[in-house]
Amino acid sequence: MPFSTWSEFGTWLLGAPLLILVTILIALITRWLAHRAIGTVVDNAVRRAESNKVTGAEKLLGFDTRRRQRALTLGSLLRSIATFVITTIAILTIMALLGLPLGPLLASAGVGGVALGFGAQSLVKDFLSGIFMIIEDQYGVGDVIDTGEATGTVEEVTLRVTRLRDANGVVWFIRNGEIVRIGNKSHGWAMSTIDLQVAATEDPGRVIALIEEVLQSVAVDEQWAPKLVEPPSVAGVESITGGTMTIRVFAKCLPGEQFGVAREIREREKAMFDTAGVKLPPLPYGPSS
């Protein structure tokens with residue numbers, strides 16, 4: 001027995017072991033309180049995001065949902081940081097109670113931290129970029145983004161890497177710190193620009209009236225109306241060159257729907273032009289023999 005008497009053992013037991021137990025208990029309670037406080041803040045942020053008055057277009061574009069998702073993501077990040085800080089302080093306190101020399105340990109940790117910092121600069125850069133990406137809501141899972149290196153749909157976002165899949169099915173793993181600029185094609189709305197070409201001899205007023213009739217039919221169609229943020233509009237005659245008159249149409253759509261909307265408008269316009277006898281532009285080299 002390392003203690004000469006039971007009294008000494010009792011004194012030791014009521015000393016360091018009890019203080020270690022109290023330290024662990026305080027750490028657990030502090031962590032619980034921190035998580036509870038963070039949870040309260042996140043819940044309030046989520047309720048504000050759900051109760052904020054948004055316009056019909058904003059609700060259609062999912063702005064309220066993105067605010068809610070960002071609040072939940074930030075809550076998870078803050079909980080992880082709080083747990084790490086509280087655990088580190090508790091471990092250092094327990095080591096001090098056990099009589100371990102913290103001076104040499106902290107000095108060694110400082111030197112090791114400097115060496116690790118030089119070797120892990122890219123890792124730290126990736127983590128910081130990931131944190132700011134989440135805070136600023138630059139993109140999320142399901143968004144179609146252009147990172148400069150690859151363009152595709154985001155499948156997973158972590159603090160270190162972003163995983164996306166391009167149109168060919170290739171999966172790209174891109175470090176957050178290497179992303180210099182981001183083009184988010186799914187955030188908010190998308191604009192479809194449609195150029196319709198007819199013969200330059202046609203009356204612009206008549207052709208535009210026919211185009212507007214088709215656009216109105218698309219805007220009230222049960223299949224296509226939910227994909228439009230606002231009714232399509234005719235900008236006017238864009239150019240007249242080489243016997244061809246180009247009339248430009250704009251359609252403000254939900255993200256990712258601009259391609260289908262453009263194809264539908266072109267198909268309906270072609271059918272309308274055929275019915276109304278609108279002449280199409282001449283072939284570049286004349287009719288084939």
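Modeller: Let us begin with a term: a nonpolar core is a set of buried Ala, Val, Leu, Ile, Met, Phe, Trp, Tyr and Cys residues joined through side-chain atoms within 4.5 Å. Buried means under 20% relative accessible area with a 1.4 Å probe, protein chains only. This model is predicted, so local features need pLDDT of at least 70, side-chain atom pairs count only at pLDDT 80 or more, and totals for chains, interfaces and linings use all residues. Residues are numbered from 1 along each chain as its sequence is written, and side-chain values use heavy atoms, leaving out hydrogens and water.

Colleague: Which residues touch the most other members of the largest nonpolar core?

Modeller: In soluble globular proteins, nonpolar side chains tend to be buried together. Here the largest core has 23 residues, and Val207, Ile211, Val249, Val261 and Ile265 touch the most other members. Helix α7 gives the largest share, 6 residues. Another core, of 9 residues, lies apart from it and includes Met133 and Leu164.

Colleague: Which residues of α6 are buried?

Modeller: They are Asp126, Gly130, Met133 and Ile134. These residues lie on the same side of α6, because the directions from the helix axis to their C-beta atoms cover an arc of only 95°.

Colleague: In what order do the strands of the open sheet lie?

Modeller: Strands of a sheet pair through backbone hydrogen bonds, either parallel or antiparallel. Pairing requires at least two DSSP bridges between two strands. Here 5 strands follow the order β4-β3-β2-β1-β5, with antiparallel pairing. Strands β2 and β3 are joined by 4 bridges; Glu156 has Arg163 in β3 as its bridge partner.

Conventions. Buried means under 20% relative accessible area, exposed over 50%, partly exposed in between (1.4 Å probe, protein chains only). Helices (H or I, at least four residues) and strands (E, at least two) are DSSP runs, numbered from the N terminus.
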